[in-house]
Amino acid sequence: MSPLKRPWRSLAEWESDPQFLARAAQEFPGLAEALASAHSRRQVLKLMAAAFAMSGIAGCDAGAPGGRLIPAVKSPPGIVPGLPNYYSTAHVIDGFATGIRVAHQMGRPIKVEGNPLHPASLGGTDVVSQAQVLEFYDPDRAAALAFRRHPSDRQSFLAAWTRQRRSLMNTGGEGLRILTGTITSPSLAAQLDAVLTRYPHARRHQWEPISRDNVRKGAQLAFGQGVDLVPNLSAVDVLLAIDSDLLSSAPGHLRFARDLMSRRNPTRIPKMSRVYAVEPTPTLTGAVADHRFIASPGELQWLVAGLAARIVRGESPPDLPPWIAAVSADLMANRGRALVHVGPDQPATVHALVHAINESLDARGKTFYFIEPVAYAADQSASLSELVDDMRAGSVNALFIIDSNPVFAAAGALGFAAALERVPFSVSLSLHPDETFSATTWSLPMTHAWESWGDARAFDGTATVLQPQAFPLYDGYSPHQVLALLNDADAPVDSLSLVQATWKTADWHESLATGVVPGTASKKANPTLRVAGMRESLSAARPASLTLILRPDPYIWDGRYANNAWLQELPRPLTRLTWDNPLLIAPALARRLSLTNGDEVRLTVGEARVVAPVWIQPGQHSDSVVALLGFGRSAGGSIANGGGVDYYPLLGHTGTPTLVKTGRRAELASTDHHNLILNVAGDLIKHGRLTDYQQNAHFLRKDEPPAHLYRWHPEGPAEWAMSIDLNTCIGCNACVVACQSENNIPVVGKQQVIHEREMHWLRIDRYWEGEPDSPRSLFQPVLCMHCEQAPCEVVCPVGATVHDSEGLNVMVYNRCVGTRFCSNNCPYKVRRFNYFAYAQEEHRLPESRNPDVSVRARGVMEKCTFCLQRIAEARIAADRENRPVGTVTTACQSACPTQAISFGNLRDPSSEIVRRKRSPLDYALLAEQNTHPRVTYEARIDNPNPALTTRRRGA
Amino acid sequence: MSEMSVIASRGATAPTVGSMTDDISAITLHWRRPLWWLLTIAATGLLTSVLVVAIGWLFYAGIGIWGIDWPVVWGFAIISYVWWIAIASGGTFISALFYLLQVEWRTSLNRVAETMTLFAAVCAGIYPILHLGRPWLFYWLFPYPSTMGIWPQFRSPLLWDFFAILTYVISSILFWYLGLVPDLATLRDRATTRRQQVFYGVLALGFRGEDRQWRHYRAAYGVLAAIMAPLVISVHSIVGLDFAGAATVGWHSTQFPPFFVFGALLSGFAMVLLLVVPLRRLLRLESYITQRHLDVLSRLMLMSSLLVGYAYIMDVFSVFYSSEHVERVSFMAKIHGDYAPIYWATIVLNIAIPQLLWLRRARVNELLIVLVSLGIIVGMWCERYTIVVMSVRRSHLPSAWGNYHGTFWDWATLWGTVGLFLTGMLLAVRYIPIVSMFEMRSLLQKRRTPPGDSP
Amino acid sequence: MSPGILVMFEDEPALVGALERLRSISLHELRTYTPKPLEIEPPRSPLPVIVLVAGLLGAAVGFAMQVYANTASYPLDIGGRPESSWPAFIPITFELGVLAAVLAGVFGYFVINRMPRLYDRIDELESIREASRDGWLVAVRTDDPERLAQARAIVEELRPISIEELPE
């Protein structure tokens with residue numbers, strides 16, 4: 001029923017599946033030759049059908065060369081059945097590491113937790129690292145080595161490479177190119193350097209589809225040297241975020257979120273910070289801002305120029321919007337406690353200007369500091385176009401593409417795929433059999449980061465040793481092994497010794513245990529600002545034409561995670577869209593072109609054009625069209641393929657974009673079934689202003705004690721409860737994926753989402769408030785409230801949902817007959833129903849599920865359990881040690897980067913939860929229903945600038 | 001005026017106790033295989049087989065094949081269930097309530113009405129089971145001695161409903177059969193073929209019209225009638241509680257129980273008329289089911305339509321009288337949302353059009369009566385749609401607002417039950433006396449004295 | 001079995017008249033067979049009492065079951081409601097009462113009349129078939145030949161449609 005269901009594959013289909021044949025070829029040497037003749041191919045297949053059926057398509061071989069799997073006769077020390085073990089490593093995206101700890105059950109990695117000791121995590125995780133469990137077990141991963149899309153084996157590859165290598169050695173590596181993504185790994189860097197010394201004429205290229213070149217160039221422009229800016233947001237009183245990715249995707253965004261939001265709840269800190277945001281399209285930073293201003297990308301440069309004029313040189317340029325005066329005044333009034341941050345989409349000149357502004361705000365060393373660049377510096381876009389030119393010119397003889405997918409993600413204008421055909425010997429190393437994998441002459445499957453040793457550095461330079469979490473599921477190479485091949489085809493490829501060599505000096509076991517190599521943070525840098533080169537950029541005019549903004553999708557990023565069903569079905573924070581990436585347009589633009597959600601348009605930029613549906617994004621600038629990259633994969637895997645639209649072809653083309661309505665409509669799967677804008681969200685999401693709060697901390701409380709016919713408190717040893725702080729929630733969805741991963745929540749697929757049958761136990765409600773053109777957005781995580789007087793329980797005819805002594809509203813799946821009355825009677829509508837056997841139909845290995853949580857059957861209601869399995873674990877531990885039950889951390893709580901969620905036992909006076917429930921901002925959702933929820937919220941307080949509050953909110 | 005008397009007494013057609021008995025029993029004993037019957041039962045049989053397919057596919061694929069979603073977890077199954085059970089009520093009201101009231105005109109109608117009740121109740125009874133996510137576990141609603149020692153949850157309105165329907169179906173069958181016994185005896189004695197003799201002989205259980213049999217019979221029938229009347233009221237009140245018992249927006253209203261009883265009256269009378277008008281012509285019962293009956297039933301229908309109208313008005317009133325914001329939002333969504341046509345159809349079909357029946361000319365126009373009744377049957381279905389679907393669509397949290405559309409299988413199941421119902425009625429017409437003969441006899445004797453005017 | 005006669009009258013009044021006179025002479029057995037209940041004496045029957053008792057019993061058992069289940073047998077915290085929240089038990093109590101009453105009424109009726117009784121010697125006579133149409137019959141049985149003759153005389157005066165000997 002669900003589209004995730006994988007069609008049964010016939011032998012004939014197998015025959016045309018290179019991966020399959022490749023695996024076969026390895027298991028049966030000489031098969032490739034037999035298969036070469038189409039005539040005998042069928043014969044062979046027939047003969048070995050049985051063997052295939054037994055070995056299975058995703059068979060379980062030892063993986064690493066020489067590796068063997070031996071069943072443990074004596075269970076290894078430390079592995080207690082039913083208890084998780086944690087191994088620290090890091091999740092690396094675009095080169096930068098975020099520390100994680102992987103929970104194992106009986107040696108199987110099943111859950112990702114943050115690493116509290118890692119500077120980029122502090123215990124929090126983001127959506128993508130949570131979803132690595134699914135990524136690791138993905139049945140669609142590249143499973144075998146191929147030569148020109150035909151099955152091959154290591155031996156023939158090694159033979160071919162050795163021949164190639166001989167000629168390269170003679171020419172000093174003439175025409176040898178290596179293309180990688182951004183690299184922060186010292187070990188990889190060392191290997192690359194070694195390669196370059198061995199082949200003097202060889203060249204390396206570094207390129208990521210989502211470029212941060214502007215950031216680097218900006219620093220270059222301002223200081224004449226490469227430096228990384230590390231904001232220290234916990235010290236920031238006034239922040240101006242210009243189209244900023246601080247909370248969403250900047251390296252270290254989890255850390256930044258923690259620091260920034262630690263200053264947002266007036267009940268916990270003496271002085272609340274103030275955040276301004278200026279941006280063309282809503283971002284998470286804009287959502288938490290006290291004031292959000294909308295400006296087109298063109299205007300931004302002009303505004304920053306104006307700001308610089310005011311702050312840097314004290315001029316007051318004419319015809320700037322009035323808020324500039326107020327904001328710059330506020331910034332200047334808070335010298336040394338203010339910071340201006342600008343996102344990677346803004347041109348280098350803007351970055352340079354902002355550096356200048358920060359300097360004159362006397363912010364260096366106080367609200368941020370500079371460090372030596374963490375990543376190997378390269379002008380990435382230039383580097384790639386250079387490579388493509390050489391390829392086209394035919395001067396590239398051998399190309400190694402390591403963990404990068406340029407065929408899909410390179411700018412359409414470059415024409416990488418065409419150029420690649422002119423390269424006689426090209427090798428790709430990819431996790432998935434992606435577009436590049438099938439375009440190179442040799443295609444090597446890559447081991448997942450959890451399958452091999454490695455290292456990477458965080459935003460502040462702190463290094464982490466990546467340790468393998470399991471034997472490789474498939475037969476693959478690690479990047480280290482490939483580079484080792486380049487160096488010396490005969491050398492033993494052992495990534496462990498490579499990495500160990502890099503960290504000889506450090507305490508190896510300490511580093512593994514903590515997930516951080518101590519004392520590896522980058523040196524502080526102290527560059528001096530070059531005032532020259534500032535002037536010319538000030539003359540930026542104010543263009544007013546439609547501009548196309550290409551951004552990575554927040555979850556599947558540049559497309560590399562497109563085959564991850566959790567990420568596909570995760571509602572995007574503001575649009576609540578899943579499985580799709582329509583063009584985001586402003587309400588005003590929609591009115592002008594008379595478009596509604598789902599209308600299809602033809603978008604033309606220069607000679608490039610795509611056809612895509614549109615989605616109306618309140619709060620977006622009317623002159624901007626936002627396209628999210630990463631969708632529309634052609635070889636991304638059974639889940640990724642065909643979903644959404646591929647906007648890469650537009651990349652690199654210039655000219656003003658035009659939209660033409662085609663008249664067709666597309667079905668889009670948004671979990672927002674109401675698209676309406678509330679004038680007042682106050683009843684549901686209580687919020688107010690700091691000034692009112694300071695007058696009366698309880699100003700949001702309506703103090704009428706609810707009337708009762710009867711009141712009953714469960715008398716258990718513990719009273720579990722949760723408090724969610726709306727001041728610190730940034731709507732990042734990390735909790736949702738953590739919950740999905742912890743509780744085996746099935747993915748239902750696009751069609752079922754369209755049918756309004758999504759299954760997430762925890763959802764983050766997003767409300768718009770105010771004017772459609774510039775509303776403010778409010779987030780509210782909603783899960784089962786575990787009401788003490790639960791309406792759902794009373795109406796269940798079979799008692800399938802009841803209360804336990806500790807106040808949990810428990811759901812007895814086995815007893816549920818599926819009348820669904822409980823859902824009707826739930827005021828919060830947090831119950832989800834298995835209309836089909838969703839879990840069964842998931843495209844997912846059973847090994848990847850959490851063994852502590854039962855997988856729900858068809859026709860059964862399910863909902864949040866407060867992570868009952870974790871509570872049970874704590875209970876058992878407490879019983880064993882004969883002490884009261886200790887602290888329990890729910891999956892959502894531990895994932896939350898800003899600690900917005902707090903969970904605990906109300907009977908324990910010392911606990912955080914008790915403190916939070918005492919907060920004057922504490923309130924219950926729909927309290928008038930008298931359900932007495934155990935989950936309560938802390939109302940959101942904003943700290944608007946008095947000088948601006950007379951104006952309309954968020955204007 | 002003979003036209004309006006309970007039994008046509010124009011010389012030629014004036015029936016006697018004997019002729020009446022012969023007429024009625026002839027219908028079943030000397031069945032003439034009329035063409036209309038063969039055609040209709042062929043059609044309804046086809047519909048019934050559609051039901052079988054729909055149920056089969058449902059059990060195989062799961063209720064995901066229906067339109068229900070999140071948050072609208074109840075759909076056609078509940079709508080049609082309430083609809084059918086309300087239709088069923090008509091028979092019980094006529095046979096039980098008016099028996100107690102000693103209304104003489106009921107006599108020639110109650111057999112049709114009770115039979116209708118029977119099959120409508122059966123159709124209704126199917127739904128609660130199909131509605132379950134795991135239908136094969138429906139018996140968990142019984143308080144049976146389970147190995148786990150667990151019980152059903154007696155506080156749930158759904159469980160009340162389960163017991164109510166169980167009681168109602170069983171009681172209706174028994175009441176219907178008891179009323180049938182003397183006539184079965186008549187058929188046994190008139191039977192010409194051996195098969196008829198055995199068939200009706202066994203069913204009659206040896207009823208011979210002995211003084212003792214009659215004495216207890218009148219006592220039993222009276223007492224049962226006295227129980228059936230409150231039972232039918234309770235059943236519909238409890239169906240109302242299925243909704244009123246929940247804290248859901250648009251449902252949580254104390255007026256629901258009486259409201260549902262009114263609705264039941266309306267659809268009950270409508271369905272009786274819908275069946276009686278054609279049957280009296282097709283089976284040549286004009287002399288027993290006269291214009292007078294149609295007139296009385298139409299008046300009753302008008303009366304219950306006014307009652308329902310009152311309920312609708314109270315609904316609106318309570319929404320705006322209460323200070324609940326969401327109630328208002330939800331109601332506004334009903335009267336002008338994308339589903340508004342259904343709400344207005346309800347008003348027009350159930351309240352506006354029936355007002356025609358104030359005119360006597362309308363009440364004797366059979367075609368018009370059929371159309372009005374048909375409108376009401378449809379209108380009542382729409383009413384349940386507004387109650388079940390539209391309320392849940394707009395609940396407290398706007399983030400949990402949603403939509404709902406019935407799928408092919410929803411419709412297939414609905415029409416399937418219509419087929420089942422009609423097939424049942426056609427078979428009943430064929431095999432049981434469709435007018436209660438022994439009660440007609442008392443009536444025919446009274447006829448010698450001039451008939452009372454109105455009930 | 002004692003001998004007797006089966007007399008069929010044309011209509012109810014005739015039969016009623018005959019009955020009054022036949023009652024005057026004490027007969028061993030006097031039984032009527034009629035198409036509809038006779039209008040004479042009001043029905044005397046234990047059934048209403050039986051039904052009432054059964055109904056009350058059913059209700060009581062129903063209520064007891066619910067209380068027992070929720071307090072003694074398997075108490076659960078359901079939505080923080082009291083264990084024996086009696087108002088919620090009323091509907092099922094009522095329904096079970098009705099169910100019991102109806103069952104008692106119907107099956108009580110059959111038991112009292114010893115039904116089903118598919119064969120009776122009287123079925124051998126043709127005229128009995130009329131009892132379910134428009135025939136008004138009375139069966140008279142007695143061991144005393146005079147009395148039987150007396151009865152025969154009485155009914156003959158009333159010009160019955162038929163007089164038949166009852167099978168012994």
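**Figure 1. Chain B is built from 15 helices and zero strands.** The radius of gyration of this chain is 23 Å, close to the 23 Å that the globule rule gives for 455 residues, so chain B is as compact as a globular protein of that length. Please keep in mind as you look around that this is a predicted model. Along its principal axes, the C-alpha trace of chain B spans about 70 × 55 × 40 Å. Of the 455 residues in the chain, 65% count as buried. Take the contacts in chain B between residues at least 6 apart in sequence: 82% of these join residues at least 24 apart.

**Figure 2. Helices H3 and H13 of chain B pack together at an angle of about 135°.** Here we zoom in on one helix pair. H3(B) covers residues 76–100 and H13(B) covers residues 366–393, and their axes are 9 Å apart. The angle makes H3(B) oblique to H13(B), since angles over 145 degrees would be needed to count as roughly antiparallel. The crossing of H3(B) past H13(B) is right-handed.

**Figure 3. A closer look at the side of each helix that makes the H3(B)–H13(B) contact.** From H3(B), the contact is made by B:Phe76, B:Ile78, B:Ile79, B:Ser80, B:Val82, B:Trp83, B:Ala86 and B:Ile87. Their partners from H13(B) are B:Ile377, B:Met380, B:Trp381, B:Arg384, B:Tyr385, B:Val388 and B:Val389.

**Figure 4. Helix H9 of chain A, with its buried residues.** We now move over to chain A. H9(A) runs over residues 213–223, and its buried residues are A:Asp213, A:Gly218, A:Ala219, A:Ala222 and A:Phe223. These buried residues pack against helix H14 (348–360), strand S13 (368–371) and H15 of chain A. Just after H9(A) comes A:Gly224, which takes a positive phi of about 70°.

**Figure 5. A:Ser383, a residue of helix H15 in chain A.** If you leave aside its neighbours within four places in sequence, A:Ser383 is in contact with A:His205 and A:Gln206.

Definitions and conventions
Residues numbered from 1 in each chain as written. Chains lettered and ligands numbered in written order. Predicted model: local features only at pLDDT ≥ 70, side-chain atom pairs only at ≥ 80, totals over all residues. Heavy atoms only, no water. Axes fitted to C-alpha atoms, helices over the stretch in contact; angles between N-to-C directions. Helix = DSSP H or I, 4+ residues; strand = E, 2+ residues; numbered from the N terminus. Parallel < 35°, antiparallel > 145°, perpendicular 65-115°, else oblique. Left-handed = near helix turned anticlockwise from the far one by under 90°. Contact = heavy atoms within 4.5 Å. Rg over C-alpha atoms; globule rule 2.2 N^0.38 Å. Buried < 20%, exposed > 50% of the residue type's maximum accessible area, 1.4 Å probe, protein only.
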